[in-house]
Amino acid sequence: MYIADKDRYNKLEYARCGKSGLKLPRVSLGLWHNFGDNNDFETMQKLCFTAFDNGITHFDLANNYGPPYGSAEINFGRILKQDLKKYRDELLISTKAGYDMWEGPYGNWGSRKYLIASLDQSLKRMGLEYVDIFYHHRMDKDTPLEETMGALNQIVQSGKALYVGLSNYDGETLAKASEILTQMHCPFIINQNRYSIFDRTIENNGLKEMAHKLNKGIIAFSPLAQGLLTDRYLKGIPEDSRIKTDGRFLKAEILTEKN
(Lines give C-alpha, C1' and ligand atoms only; values in the text may rest on other atoms or scores of the structure.)
Protein backbone atom coordinates (compact mmCIF):
# COMPACT_ATOMS: atom_id res chain seq x y z
CA MET A 1 0.00 0.00 0.00
CA TYR A 2 1.36 3.39 -1.00
CA ILE A 3 2.02 5.91 1.77
CA ALA A 4 3.24 9.34 0.68
CA ASP A 5 6.53 10.75 1.94
CA LYS A 6 5.81 12.77 5.08
CA ASP A 7 8.36 15.41 4.01
CA ARG A 8 6.85 15.95 0.55
CA TYR A 9 5.93 19.59 1.17
CA ASN A 10 9.47 20.56 2.14
CA LYS A 11 10.97 19.80 -1.26
CA LEU A 12 9.40 22.16 -3.78
CA GLU A 13 8.32 25.77 -4.10
CA TYR A 14 4.68 26.62 -4.79
CA ALA A 15 3.77 29.70 -6.81
CA ARG A 16 0.50 31.60 -6.96
CA CYS A 17 -1.25 31.18 -10.31
CA GLY A 18 -1.74 34.69 -11.64
CA LYS A 19 -3.69 36.63 -9.02
CA SER A 20 -5.89 33.70 -8.07
CA GLY A 21 -5.88 32.01 -4.69
CA LEU A 22 -4.47 28.81 -6.20
CA LYS A 23 -0.84 27.82 -5.77
CA LEU A 24 0.85 25.43 -8.19
CA PRO A 25 4.06 23.49 -7.72
CA ARG A 26 6.96 24.84 -9.77
CA VAL A 27 7.02 21.45 -11.53
CA SER A 28 3.94 19.47 -12.57
CA LEU A 29 3.57 15.97 -14.02
CA GLY A 30 2.04 15.87 -17.49
CA LEU A 31 0.52 12.59 -18.69
CA TRP A 32 0.69 13.33 -22.41
CA HIS A 33 3.20 10.48 -22.77
CA ASN A 34 3.98 7.32 -20.79
CA PHE A 35 0.43 6.70 -19.54
CA GLY A 36 -1.20 5.03 -22.56
CA ASP A 37 -1.96 1.34 -22.87
CA ASN A 38 1.37 0.86 -24.66
CA ASN A 39 3.17 1.54 -21.37
CA ASP A 40 3.76 -0.50 -18.21
CA PHE A 41 1.23 0.17 -15.45
CA GLU A 42 3.73 -0.31 -12.60
CA THR A 43 5.96 2.32 -14.20
CA MET A 44 2.99 4.70 -14.33
CA GLN A 45 2.44 4.14 -10.61
CA LYS A 46 6.10 4.79 -9.84
CA LEU A 47 6.05 8.02 -11.84
CA CYS A 48 3.04 9.28 -9.89
CA PHE A 49 4.42 8.17 -6.52
CA THR A 50 7.84 9.73 -7.17
CA ALA A 51 6.19 12.98 -8.26
CA PHE A 52 3.91 13.22 -5.22
CA ASP A 53 6.65 12.18 -2.81
CA ASN A 54 8.65 15.16 -4.06
CA GLY A 55 5.88 17.70 -3.66
CA ILE A 56 4.42 17.58 -7.17
CA THR A 57 0.70 17.88 -6.52
CA HIS A 58 -0.44 18.79 -10.06
CA PHE A 59 -1.26 16.02 -12.54
CA ASP A 60 -2.19 17.24 -16.02
CA LEU A 61 -4.19 15.21 -18.56
CA ALA A 62 -6.39 15.60 -21.63
CA ASN A 63 -9.25 13.57 -23.05
CA ASN A 64 -7.23 12.14 -25.94
CA TYR A 65 -3.96 11.33 -24.16
CA GLY A 66 -2.97 7.73 -24.80
CA PRO A 67 -2.81 5.80 -27.01
CA PRO A 68 -5.61 4.92 -27.44
CA TYR A 69 -7.60 8.05 -26.72
CA GLY A 70 -8.79 8.17 -23.13
CA SER A 71 -6.39 5.55 -21.85
CA ALA A 72 -4.21 7.98 -19.87
CA GLU A 73 -7.26 9.10 -17.92
CA ILE A 74 -8.33 5.49 -17.38
CA ASN A 75 -4.88 4.47 -16.13
CA PHE A 76 -4.59 7.54 -13.92
CA GLY A 77 -8.07 6.76 -12.59
CA ARG A 78 -6.83 3.29 -11.59
CA ILE A 79 -3.92 4.83 -9.71
CA LEU A 80 -6.26 7.28 -8.00
CA LYS A 81 -8.62 4.53 -6.91
CA GLN A 82 -5.93 2.10 -5.77
CA ASP A 83 -3.31 4.41 -4.31
CA LEU A 84 -4.06 8.14 -4.23
CA LYS A 85 -7.74 8.38 -3.31
CA LYS A 86 -7.03 9.33 0.29
CA TYR A 87 -4.89 12.23 -0.98
CA ARG A 88 -7.51 13.65 -3.38
CA ASP A 89 -7.78 16.98 -1.59
CA GLU A 90 -3.99 17.38 -1.80
CA LEU A 91 -4.01 16.83 -5.56
CA LEU A 92 -4.61 19.29 -8.37
CA ILE A 93 -5.99 17.38 -11.36
CA SER A 94 -6.52 19.04 -14.74
CA THR A 95 -7.82 17.81 -18.07
CA LYS A 96 -8.72 19.31 -21.44
CA ALA A 97 -10.88 19.01 -24.56
CA GLY A 98 -10.46 20.59 -27.95
CA TYR A 99 -8.66 18.10 -30.18
CA ASP A 100 -10.01 15.05 -31.99
CA MET A 101 -11.60 12.58 -29.55
CA TRP A 102 -14.38 10.62 -31.23
CA GLU A 103 -15.86 10.31 -34.72
CA GLY A 104 -18.42 12.66 -36.15
CA PRO A 105 -19.03 16.41 -35.90
CA TYR A 106 -19.39 16.50 -32.09
CA GLY A 107 -16.04 15.05 -31.05
CA ASN A 108 -13.69 17.94 -31.77
CA TRP A 109 -13.00 21.69 -31.47
CA GLY A 110 -14.99 23.99 -29.18
CA SER A 111 -18.76 23.55 -29.26
CA ARG A 112 -20.77 23.48 -26.05
CA LYS A 113 -21.94 19.96 -26.89
CA TYR A 114 -18.40 18.62 -27.31
CA LEU A 115 -16.82 20.29 -24.27
CA ILE A 116 -19.51 19.27 -21.79
CA ALA A 117 -19.80 15.73 -23.15
CA SER A 118 -16.03 15.31 -23.16
CA LEU A 119 -15.62 16.40 -19.55
CA ASP A 120 -18.41 14.05 -18.48
CA GLN A 121 -16.51 11.20 -20.15
CA SER A 122 -13.21 12.29 -18.56
CA LEU A 123 -14.74 12.32 -15.09
CA LYS A 124 -16.08 8.80 -15.58
CA ARG A 125 -12.70 7.54 -16.82
CA MET A 126 -10.90 8.97 -13.80
CA GLY A 127 -13.62 8.18 -11.28
CA LEU A 128 -13.89 11.81 -10.19
CA GLU A 129 -16.76 14.13 -9.34
CA TYR A 130 -14.82 17.19 -10.50
CA VAL A 131 -11.46 18.32 -11.86
CA ASP A 132 -9.56 21.25 -10.43
CA ILE A 133 -8.83 22.86 -13.82
CA PHE A 134 -10.60 22.25 -17.13
CA TYR A 135 -9.00 23.66 -20.27
CA HIS A 136 -10.23 24.40 -23.75
CA HIS A 137 -7.33 22.79 -25.59
CA ARG A 138 -7.07 24.99 -28.71
CA MET A 139 -8.63 27.95 -30.49
CA ASP A 140 -11.62 27.28 -32.76
CA LYS A 141 -12.23 29.93 -35.40
CA ASP A 142 -15.53 28.36 -36.52
CA THR A 143 -17.27 28.35 -33.13
CA PRO A 144 -18.28 31.67 -31.55
CA LEU A 145 -15.96 32.43 -28.67
CA GLU A 146 -19.03 33.27 -26.57
CA GLU A 147 -20.26 29.68 -26.97
CA THR A 148 -16.96 28.08 -25.97
CA MET A 149 -16.47 30.40 -22.99
CA GLY A 150 -20.12 29.94 -22.03
CA ALA A 151 -19.56 26.19 -21.93
CA LEU A 152 -16.56 26.64 -19.64
CA ASN A 153 -18.65 28.82 -17.35
CA GLN A 154 -21.48 26.28 -17.34
CA ILE A 155 -19.00 23.56 -16.39
CA VAL A 156 -17.86 25.56 -13.35
CA GLN A 157 -21.41 26.43 -12.38
CA SER A 158 -22.32 22.72 -12.51
CA GLY A 159 -19.51 21.88 -10.08
CA LYS A 160 -17.56 19.75 -12.55
CA ALA A 161 -14.49 22.05 -12.47
CA LEU A 162 -13.18 24.55 -9.94
CA TYR A 163 -11.21 26.71 -12.38
CA VAL A 164 -10.89 26.98 -16.17
CA GLY A 165 -7.92 27.49 -18.45
CA LEU A 166 -7.04 28.04 -22.09
CA SER A 167 -4.42 26.10 -24.01
CA ASN A 168 -2.66 26.97 -27.28
CA TYR A 169 -4.32 30.40 -27.54
CA ASP A 170 -2.66 33.55 -28.86
CA GLY A 171 -2.64 36.90 -27.11
CA GLU A 172 -5.44 38.53 -29.10
CA THR A 173 -7.86 35.64 -28.60
CA LEU A 174 -6.84 35.32 -24.96
CA ALA A 175 -7.84 38.94 -24.36
CA LYS A 176 -11.26 38.44 -25.96
CA ALA A 177 -11.88 35.19 -24.09
CA SER A 178 -10.80 36.70 -20.79
CA GLU A 179 -13.22 39.61 -21.20
CA ILE A 180 -16.11 37.21 -21.78
CA LEU A 181 -15.18 35.02 -18.82
CA THR A 182 -14.72 38.03 -16.57
CA GLN A 183 -18.22 39.25 -17.42
CA MET A 184 -19.51 35.80 -16.44
CA HIS A 185 -17.50 35.84 -13.18
CA CYS A 186 -15.92 32.57 -14.31
CA PRO A 187 -12.64 31.69 -12.52
CA PHE A 188 -10.28 31.68 -15.51
CA ILE A 189 -6.75 31.60 -14.10
CA ILE A 190 -4.26 29.85 -16.40
CA ASN A 191 -2.87 29.41 -19.91
CA GLN A 192 -1.03 26.28 -21.02
CA ASN A 193 1.32 26.60 -23.99
CA ARG A 194 4.41 24.96 -25.40
CA TYR A 195 7.46 26.95 -24.31
CA SER A 196 11.17 26.22 -24.45
CA ILE A 197 14.30 27.67 -26.01
CA PHE A 198 13.31 25.72 -29.15
CA ASP A 199 9.76 27.12 -29.24
CA ARG A 200 9.28 30.75 -28.25
CA THR A 201 5.91 31.19 -29.97
CA ILE A 202 4.24 32.79 -26.95
CA GLU A 203 6.84 35.57 -27.03
CA ASN A 204 5.85 36.38 -30.61
CA ASN A 205 2.06 35.89 -30.72
CA GLY A 206 1.22 38.17 -27.79
CA LEU A 207 0.26 35.40 -25.36
CA LYS A 208 3.04 35.95 -22.83
CA GLU A 209 2.62 39.73 -22.77
CA MET A 210 -1.19 39.58 -22.57
CA ALA A 211 -1.21 36.95 -19.82
CA HIS A 212 1.05 39.20 -17.74
CA LYS A 213 -1.16 42.22 -18.44
CA LEU A 214 -4.30 40.32 -17.39
CA ASN A 215 -2.64 38.70 -14.35
CA LYS A 216 -3.26 35.17 -15.66
CA GLY A 217 -0.89 32.29 -15.05
CA ILE A 218 1.18 30.52 -17.71
CA ILE A 219 2.19 26.88 -17.42
CA ALA A 220 4.60 25.50 -20.01
CA PHE A 221 4.39 22.07 -21.59
CA SER A 222 7.42 20.45 -23.22
CA PRO A 223 9.87 22.81 -21.46
CA LEU A 224 12.65 20.31 -22.27
CA ALA A 225 11.36 19.76 -25.83
CA GLN A 226 10.45 16.13 -25.08
CA GLY A 227 14.03 15.34 -24.11
CA LEU A 228 15.89 17.23 -26.82
CA LEU A 229 17.09 19.72 -24.21
CA THR A 230 18.57 16.96 -22.04
CA ASP A 231 21.54 14.69 -22.79
CA ARG A 232 19.16 11.96 -24.03
CA TYR A 233 20.03 12.27 -27.73
CA LEU A 234 23.57 13.66 -27.68
CA LYS A 235 25.05 10.31 -28.77
CA GLY A 236 22.37 9.18 -31.20
CA ILE A 237 18.88 7.73 -30.75
CA PRO A 238 18.61 5.18 -27.92
CA GLU A 239 16.54 2.08 -28.64
CA ASP A 240 14.23 2.78 -25.68
CA SER A 241 13.77 6.47 -26.50
CA ARG A 242 10.53 8.19 -27.43
CA ILE A 243 11.67 8.67 -31.03
CA LYS A 244 12.21 4.91 -31.42
CA THR A 245 9.22 3.62 -29.48
CA ASP A 246 6.56 6.29 -30.15
CA GLY A 247 7.43 8.70 -32.93
CA ARG A 248 4.04 10.39 -33.19
CA PHE A 249 5.19 13.76 -31.82
CA LEU A 250 8.99 13.53 -31.78
CA LYS A 251 10.66 12.46 -35.01
CA ALA A 252 14.26 11.64 -35.90
CA GLU A 253 14.56 14.41 -38.48
CA ILE A 254 14.41 17.06 -35.75
CA LEU A 255 17.82 15.88 -34.49
CA THR A 256 19.79 18.27 -36.66
CA GLU A 257 23.34 19.27 -35.83
CA LYS A 258 22.10 22.79 -35.09
CA ASN A 259 19.56 21.53 -32.55
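Two strands are taken to pair if DSSP finds at least two bridges between them, and the close-up views below, all drawn from a predicted model, start with the sheet that this pairing defines.

View 1. In the predicted model, 7 strands form an open sheet with parallel pairing, in the order E3-E4-E5-E6-E7-E8-E9. Its edges are strand E3 (29–30) and strand E9 (217–221), each of which pairs on one side only. Helix H3 (residues 112–126) packs on the sheet, where it touches strand E5 (92–97) and strand E6 (131–136), and the direction of H3 makes about 140° with that of E5.

**View 2. The pairing of strands E7 and E8.** Strand E7 (residues 161–167) runs parallel to strand E8 (residues 188–194), and the two pair over 4 bridges. Leu166 has Asn191, in E8, as its bridge partner.

**View 3. Phe59 and the nonpolar cores.** The largest nonpolar core comprises 57 residues, and those with the most contacts inside it are Phe59, Phe76 and Met149. Apart from this core lies another, of 9 residues, among them Cys17, Leu22, Leu92 and Ile190.

**View 4. Ser122 within helix H3.** Ser122 lies in helix H3 and has a relative accessible area of 0%, so it counts as buried. Beyond residues up to four places away in sequence, Ser122 touches Asn63, Glu73 and Thr95.

View 5. Tyr2, Phe49, Phe52 and Tyr87 form one aromatic cluster. Arg78 lies over the face of Phe41, at 3.7 Å from the ring centre, while the charged end of Arg138 sits over the ring of Trp109, 3.6 Å from its centre.

View 6. Most residues other than glycine have a negative phi, and most peptide bonds are trans. Trp109, in the loop between E5 and H3, has a positive phi of about 70° although it is not a glycine, and it is partly exposed, with a relative accessible area of 36%. His185, in the loop between helix H5 (171–183) and E8, has a positive phi of about 60° and is exposed, with a relative accessible area of 70%.

Methods
Residues numbered from 1 in each chain as written. Predicted model: local features only at pLDDT ≥ 70, side-chain atom pairs only at ≥ 80, totals over all residues. Heavy atoms only, no water. Core = buried A, V, L, I, M, F, W, Y, C linked by side-chain atoms within 4.5 Å. Buried < 20%, exposed > 50% of the residue type's maximum accessible area, 1.4 Å probe, protein only. Contact = heavy atoms within 4.5 Å. Axes fitted to C-alpha atoms, helices over the stretch in contact; angles between N-to-C directions. Phe/Tyr/Trp six-rings, centres within 6.5 Å; stacked < 30°, edge-to-face > 60°. Lys NZ or Arg CZ within 6 Å of the ring centre and 35° of its normal.
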